[in-house]
Structure formats: structure tokens, C-alpha cells
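Please look over the sequence and the structure before reading on.

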Amino acid sequence: MNDRSVINSAAKTFYMSAGAVNVPIVFRGPNGASAGVAAQHSQCFAAWYAHCPGLKVVSPYDTEDARGLLKSAIRDPDPVVVLENELMYGVAFPVDEKVTDVDFLVPLGKAKIMRPGKDITIVAHSKAVETALLSAAELAKKGIEAEVINLRSIRPLDMQTIFTSVRKTHHLITVENGWPQHGVGAEICARFMEDPAFFELDAPVWRCCGVDVPMPYAKTLELNALPREPDVTAAALKVLGKK
Amino acid sequence: CSTLTLKNTFKCYELEKGPPMDVELSREDALKMYTQMVEVRRIEVVCNNLYKAKHIRGFCHLYNGQEAVAVGMCAVLQKKDSVITAYRAHAWTYLMGVSAYGLIAELVGVKTGCSRGKGGSMHTYGDNFYGGNGIVGAQVPLGAGIALAHQYKGDGGVCVALYGDGASNQGQVFEAYNMAKLWGLPCIFVCENNHYGMGTSIHRHAALTDFYMRGQYIPGLWVDGNQVLAVRSATQFAIDHAKNCGPIVLEMSTYRYEGHSMSDPGTAYRTRDEVQTIRTKRDPIESFRKQILQLCLADEEELKKIDAKVRKDLQAISKKILKDREVGLDELAADIYSKNLEPNIRGVSGFNLKHKNVADVCFGKARRTPPSEIKDVPIGDAAFAAAQKKASEESKARKAAAAAAKGKDGKDGKDGKDGKPPSDDNDKPKDAEPKEAKAAEPPKAAAPPKEPAPPKSGDKPKS
């Protein structure tokens with residue numbers, strides 16, 4: 001399966017046929033940087049696919065997301081791309097009883113507040129949610145309460161949840177492991193420019209992204225090519241005007 | 001020099017005649033190929049150990065068992081020929097001229113690696129060696145493109161594009177076949193059939209397991225890829241074919257002893273007996289050793305000495321590499337572009353990195369093609385302008401000749417001036433060399449292609 005099939009066949013057919021032919025298909029697979037596999041096997045496709053009208057794109061972080069989003073994707077009448085993080089395959093999360101229910105679903109296009117807070121909003125998806133949560137824990141030590149939002153869906157993007165959060169916190173940073181240019185964070189910034197929620201911001205929005213380079217193989221370079229907790233914490237402090 | 005008759009080594013598809021069955025082997029060639037095979041296997045043993053000791057991370061695909069293919073092919077390739085392969089690239093990298101040190105260091109991820117530790121196991125490059133490629137089958141159309149370059153430049157070289165039996169099912173392989181045949185490209189498609197594509201035997205993944213027939217309209221040759229002399233003979237045959245008649249598909253029937261990569265123990269989809277049988281009956285190194293001894297080209301003692309020396313050398317290398325360091329963090333944003341247009345590269349949180357070009361010093365020698373050597377091939381508007389200029393010059397010359405013949409002045413056609421492409425002087429750095437400025441002008445009519453050298457015409461075989 002290649003991108004031509006996903007975009008030109010799956011994404012556009014419903015529109016081109018004026019609604020006559022829908023494409024209820026799910027594309028799922030590993031996404032994002034793995035460890036030690038260099039440039040050709042380490043990149044995030046969230047922004048690539050989310051760019052295309054006709055596709056729905058989800059990016060689960062934990063077990064609950066993975067199960068609920070995949071089930072919703074299968075039940076959805078449109079093409080859905082499920083971007084699973086390769087490094088998260090082996091990570092177990094405790095789950096609620098209800099998650100194991102056959103009809104447990106996570107709605108497409110809805111974000112989840114992973115940790116409530118009142119001082120700054122941190123938006124992330126996939127493995128970057130972990131980075132955001134670690135950073136929130138670090139900020140908590142300094143008396144800063146960060147609200148962490150797990151996007152879950154990249155398209156549609158649940159801006160209402162982010163706007164609501166920012167009306168409370170007035171500060172926003174985005175965290176992603178993908179590249180910065182035309183990325184998920186860039187889209188969130190643009191949406192703020194186009195919405196009255198812009199006036200709720202007390203400081204510019206800031207992005208923490210993968211470094212704008214192909215993924216290197218060498219270990220120290222690889223470590224430094226993705227945002228880590230101290231990077232996010234520093235960005236949060238900067239946005240809040242604290243040291 | 002001894003003559004040897006090969007048996008059961010070739011099967012032809014759409015070919016009138018296969019390679020000669022009688023091959024000659026000199027003592028010098030025998031020892032060289034033997035040494036190379038031993039080296040290549042020893043490199044993989046070292047890599048295997050370094051991987052298990054966690055010095056090599058990520059992907060690592062070993063070549064053990066397939067040595068005869070790379071060694072036999074490189075024995076007849078010449079300096080002007082190119083090679084591109086998939087991710088099982090260590091042997092090819094070494095045989096195409098990267099030192100064992102540079103290769104193993106790359107896998108370890110240190111600065112002395114042939115890609116400065118930035119590429120890892122699958123991404124190694126050398127002169128006329130266009131890499132290890134990590135995407136299954138992606139190197140095959142690239143190989144056809146390299147063959148097109150050989151044809152276009154008329155340099156008499158051929159391109160060897162290698163892929164595994166698994167990748168042979170990729171759609172892009174057939175697209176490459178099509179264009180290569182259509183344009184008669186000097187391309188040798190080589191399917192290294194090791195009988196298993198990532199945990200799947202050929203009978204479970206391929207509808208037609210005669211990989212040498214899969215070019216359909218491209219002639220093919222099945223070769224016993226565990227016999228280095230058969231491989232060498234077939235390759236010489238394929239080179240001649242590619243130069244004179246266009247593409248050919250070679251199927252090198254071989255076997256890999258190890259798993260697909262390091263995460264695959266290689267025992268789940270085949271029996272241990274099967275591996276053991278091949279090891280004892282068809283091992284490329286062992287069988288070549290026997291041939292050498294039979295032909296009395298060297299004695300047992302001599303070959304043992306080679307084994308011992310290779311083992312010792314590589315052990316020393318692997319020890320030394322572990323003392324090397326990774327490149328500094330300043331190289332995280334190095335060599336993203338050959339000609340970078342924005343000095344600041346975005347780091348994790350802001351534009352705080354500087355782009356840098358270190359390619360110049362890789363391998364301790366210049367890597368980038370100096371501007372003076374770049375053959376400026378006009379494209380787009382520039383190509384149109386160059387064609388116009390050429391046509392106008394020709395018509396001018398014709399008219400002048402006609403006028404001279406008639407003894408009166410003919411009216412000149414347009415002069416070449418309006419055929420010039422728009423000047424791009426402003427884009428040039430101030431220190432641009434005059435040569436570079438000259439190169440920007442539409443070039444003269446393409447130089448006549450060099451006479452393709454006949455094979456074995458005194459060109460030194462590679463390494």
C-alpha cells in the first residue's frame with residue numbers, strides 16, 4: 001500500500017463520486033521514530049496524512065486510545081489512517097474495566113484531557129503525550145499546573161477542547177515528534193490566529209517539535225533530534241515568562 | 001592458469017546462448033577472491049558480535065552464505081561500473097571500496113564511519129556505489145536511473161541493481177524493467193535469491209519462483225550463486241549483454257545462514273537441518289577452497305594463513321573502533337542540503353541550530369563534486385534556449401555555406417544572443433569561481449560519447 005492509494009484512491013473517491021461510493025477502510029501501522037533505525041525508518045506521517053481532505057487521521061497514545069480509536073476507525077464509513085507509535089507497542093498501561101468491553105469506543109475527532117491544570121496548556125499526540133506528562137510533573141514541582149491534552153485525532157482536529165482549555169490557562173505550547181514545518185503544531189497555531197480564542201492568549205503559542213533534520217543513526221544525535229522533557233519544561237517556562 | 005568446466009550452473013531465459021561453461025582461473029584471481037570472501041564473512045562475524053554486545057543498534061542484515069555473489073560480481077566489474085543494493089549491504093560496501101574500518105565504524109555509529117555514523121547499517125556509500133537502501137525494492141528504479149546516466153554520458157559503464165527475492169514482488173521492480181527495456185539501458189538486474197524474504201519462503205511469497213524469468217520481455221539467466229566462478233562468468237556475460245543489447249535479469253540462487261535481520265533468529269520458518277545441509281554441501285567459501293586445492297593453485301597452508309590474517313586484522317579493527325567517538329552535536333544539523341538556503345535550522349524549540357557542510361571532509365577527501373566538474377546539463381527553459389541557440393547556429397552555418405556556394409551574401413538567421421537563458425548572476429555567491437560562471441551558460445553541443453571500451457580491454461577490474 002502506498003501513499004498514492006491512500007490519498008488518490010481512498011481519500012477522494014467519496015467526493016469524486018458525489019457520495020455514491022464511500023470507502024470504509026482502515027490503514028494502520030507503525031509510525032514515528034523507532035530506535036536506532038536511521039532516517040528511512042523514522043518519521044511521523046501525522047501531518048502528511050492530515051493534510052488531505054477526505055482522510056481521517058488518528059494517533060493513539062495509550063492502550064485505551066489504541067483500542068478505542070481502532071474500533072471506531074473500523075466502524076467508520078470513511079477511510080481512517082491509524083498511526084501507531086512503534087516504540088509504544090511494548091508499553092503496557094493500566095486500563096479501566098470498561099475499556100475491555102466489546103463496545104468500548106473512543107470517538108474520532110475528540111481530544112482527551114490527560115491532566116487538568118490552570119496555568120498552561122500542553123497539547124501533544126502519540127508518544128509526545130508522555131513527554132508532555134513528564135514535563136507537567138516537572139512543572140508541578142515548581143508550582144505550575146499544566147493542563148495536558150492528548151489530541152487522539154489529528155484530523156479532524158478537536159480545536160474546541162484546546163480553545164476551552166486556553167480560555168482557562170491563557171498559555172499554550174504544542175509538543176510533537178514530527179517535523180516543525182507545516183506540522184500539527186503549526187496548524188494549531190494557525191487555527192488560533194483565525195479564532196477569537198487568539199485574544200485569550202497572554203503569550204505567543206510555542207511549538208516543541210522534532211528537529212528539522214532527517215533522523216540520524218548515531219545515538220547522541222538521535223536522542224537530541226526529538227523533544228524531551230527538559231525542552232518542553234523550558235519552553236513552558238519561557239511562555240509563562242518565568243525562569 | 002587452470003581451466004575448469006562448470007556444471008549445472010546456468011539456466012537461460014530468452015537467450016540464445018549462455019555464458020561459457022569453461023572458465024579460466026589464475027592463481028592470483030583465486031587467492032584474491034578467496035581472501036575477499038573470507039574477509040566479507042569475517043566482517044559479518046565481527047558485526048554479529050558487536051551487535052550482540054549492543055555496540056550496533058537498530059537494523060543489521062548479515063550476508064553470511066551469500067559471499068560468492070558479491071565477490072564474483074565485483075571481480076569483473078570495472079571502475080566505470082556502478083552498483084546499488086538493498087539493506088544487506090555490508091559486503092557490497094566493502095567490495096566497492098569502503099574500508100572494513102569505515103564500514104564497521106558506521107555500524108557502530110562513530111565519526112570514523114563511512115557516513116560519519118549518521119546512516120548506520122543500511123546507509124553506506126562509496127565511489128559508484130549508491131548505497132544500501134532501507135526501503136524494500138526502492139533501489140531498483142534508482143539503479144535503472146543510474147544505468148540511464150551511463151547511457152546518457154556514453155561512459156561505457158553498466159549499473160548492477162540488486163534486490164532480494166522478497167523485493168522482487170514490488171511493483172516498482174516491474175516499472176523499472178519496463179523503462180529499462182524500452183530505453184535499452186545498460187542495467188543488470190540481479191535478484192539475490194536467498195530463498196527467504198523476511199521470514200517467508202519463496203514458495204509462500206512469489207507466484208513464480210523462477211526469478212530470472214520475471215522480466216518477461218527481458219532475457220534472464222539463472223546462476224548458482226554459491227559458486228563464485230559461475231557468478232563471475234555470468235556477470236561478464238551480463239555486462240557484455242547489457243552494453244550491446246540492454247537490460248538482463250540475473251537470478252543468483254544462494255542462501256543466507258543468519259536470520260533476515262538481527263531480530264530474526266532464522267529458525268521459525270526453516271529447519272536447522274536445512275541450514276546445516278547448505279553449510280556442509282554448498283558453502284561458497286568451502287567449495288571454492290576445494291576448487292583451489294584441486295587445481296593446485298595454492299596449498300592448504302597458504303589458505304589457512306589467509307584465514308588467520310583476516311581474523312587477526314578484523315579483530316584489531318573492531319577493538320580500535322570501540323575507542324572512536326560519535327560526531328558532535330553540531331553535526332545534528334549538518335549536510336541537510338548540499339547548498340543550504342536558510343542558515344538557521346529549527347531545533348526542538350526554536351531556530352537555534354546552524355546548518356553546516358561537513359561533506360567536504362568525509363573519508364578524509366573531497367566528497368562534493370566541485371562546481372567546475374559539474375556538467376551543466378540544461379533543463380527546462382535553459383534546455384529550450386540551448387536548443388534554439390544550437391539550431392540558429394546551425395542554420396546560420398548552412399546559410400553561410402549556401403551563400404558562399406552561390407557567391408552572394410545570404411541573410412543571416414537570428415544570432416544566438418536571444419537564445420541565452422536569463423542571467424542568474426545575482427544568485428551566485430560573490431566568491432564564485434569564473435569556471436562556475438562559465439558553466440551557467442548553455443553548453444555547446446554535447447560532447448560525442450566516448451567509445452565504450454570493450455570488456456577486459458586493459459581496464460583494471462575493481463579493487
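## Basis and conventions

Two residues are in contact if their C-beta atoms, placed from the backbone, lie within 7 Å. Among contacts in chain B between residues at least 6 apart in sequence, 72% join residues at least 24 apart.

The model is predicted, and local features need pLDDT of at least 70, side-chain atom pairs count only at pLDDT 80 or more, and totals for chains, interfaces and linings use all residues. Residues are numbered from 1 along each chain as its sequence is written, while chains are lettered from A and ligands numbered from 1 in the order in which they are written.

## Chain A: domains and annotations

Chain A is divided into domain 1 (3–100) and domain 2 (112–239); such bounds come from an automatic or database domain assignment. The centres of the two domains, taken over C-alpha atoms, are 21 Å apart. Their contact takes 24 residues from domain 1 of chain A and 19 residues from domain 2 of chain A. On the domain 1 side, helix H3 (46–50), strand S2 (56–58), helix H4 (63–75) and strand S3 (80–85) of chain A each give two or more residues. Helices (H or I, at least four residues) and strands (E, at least two) are DSSP runs, numbered from the N terminus. By class, the side of domain 1 of chain A that touches domain 2 has 16 nonpolar, 6 polar and 2 charged residues. Here Ala, Val, Leu, Ile, Met, Phe, Trp, Tyr, Cys and Pro count as nonpolar, Asp, Glu, Lys and Arg as charged, and the others, Gly among them, as polar.

An unreviewed UniProt entry annotates residues 7–89 of chain A as "domain: Transketolase-like pyrimidine-binding". Over residues 7–89 the chain is 33% helix and 18% strand, with end C-alpha atoms 26 Å apart. UniProt (unreviewed entry) also places "domain: Transketolase C-terminal" at residues 109–230 of chain A. For residues 109–230 the figures are 35% helix and 20% strand, with 30 Å between the end C-alpha atoms. UniProt positions are given in the numbering used here, feature names are shortened, and annotations may be inferred rather than shown by experiment.

Ala46(A) is found in helix H3 of chain A. Ala46(A) is buried because 25 other C-beta atoms lie within 10 Å; the cut-offs are 20 or more for buried, 12 or fewer for exposed, and partly exposed in between, with C-beta atoms placed from the backbone. Leaving out residues up to four places away in sequence, Ala46(A) touches Val57(A), Ser59(A), Leu83(A), His125(A), Ile154(A), Gly178(A) and Val184(A). From Ala46(A) to Lys168(A) the separation is 122 residues in sequence and 28 Å in space, C-alpha to C-alpha.

Leu134(A) lies in helix H5 (residues 128–141) of chain A. Leu134(A) counts as partly exposed because it has 16 C-beta neighbours inside 10 Å. Leu134(A) and Glu229(A) are 95 residues apart in sequence, with 6.0 Å between their C-alpha atoms.

## Contact between the chains

The contact takes 25 residues from chain A and 25 residues from chain B. On the chain A side, strand S9 (206–208), helix H8 (219–224) and helix H9 (229–239) each supply at least two residues. The largest share of that side, 4 residues, comes from H8(A). By class, the side of chain A that touches chain B divides into 17 nonpolar, 5 polar and 3 charged residues.

## Chain B: overall make-up

Chain B has 13 helices and 12 strands. Of its 463 residues, 42% count as buried. Chain B is divided into domain 1 (2–321), domain 2 (329–365) and domain 3 (376–439). The C-alpha centres of domain 1 and domain 3 of chain B lie 47 Å apart.

## Strand S6 of chain B

Strand S6 (residues 187–193) of chain B is mostly covered, with 7 of its 7 residues buried. In a regular strand the side chains alternate between the two faces of the sheet. Cys187(B), Phe189(B), Cys191(B) and Asn193(B) point one way from S6(B), Ile188(B), Val190(B) and Glu192(B) point the other way, and all are buried.

Which strands pair with S6(B)? Strand S5 (residues 159–164) of chain B runs parallel to S6(B), joined by 6 bridges; two strands pair if DSSP finds at least two bridges between them. Ile188(B) in S6(B) is the bridge partner of Val160(B). The chain crosses from S5(B) to S6(B) through helix H6 (residues 171–183) of chain B, and this β-α-β crossover is right-handed; that is, with the strands pointing away from the viewer, the path from the first strand over the helix to the second runs clockwise. S6(B) also pairs in the parallel sense with strand S10 (residues 248–253) of chain B, over 6 bridges. There, Leu250(B) in S10(B) is the bridge partner of Val190(B).
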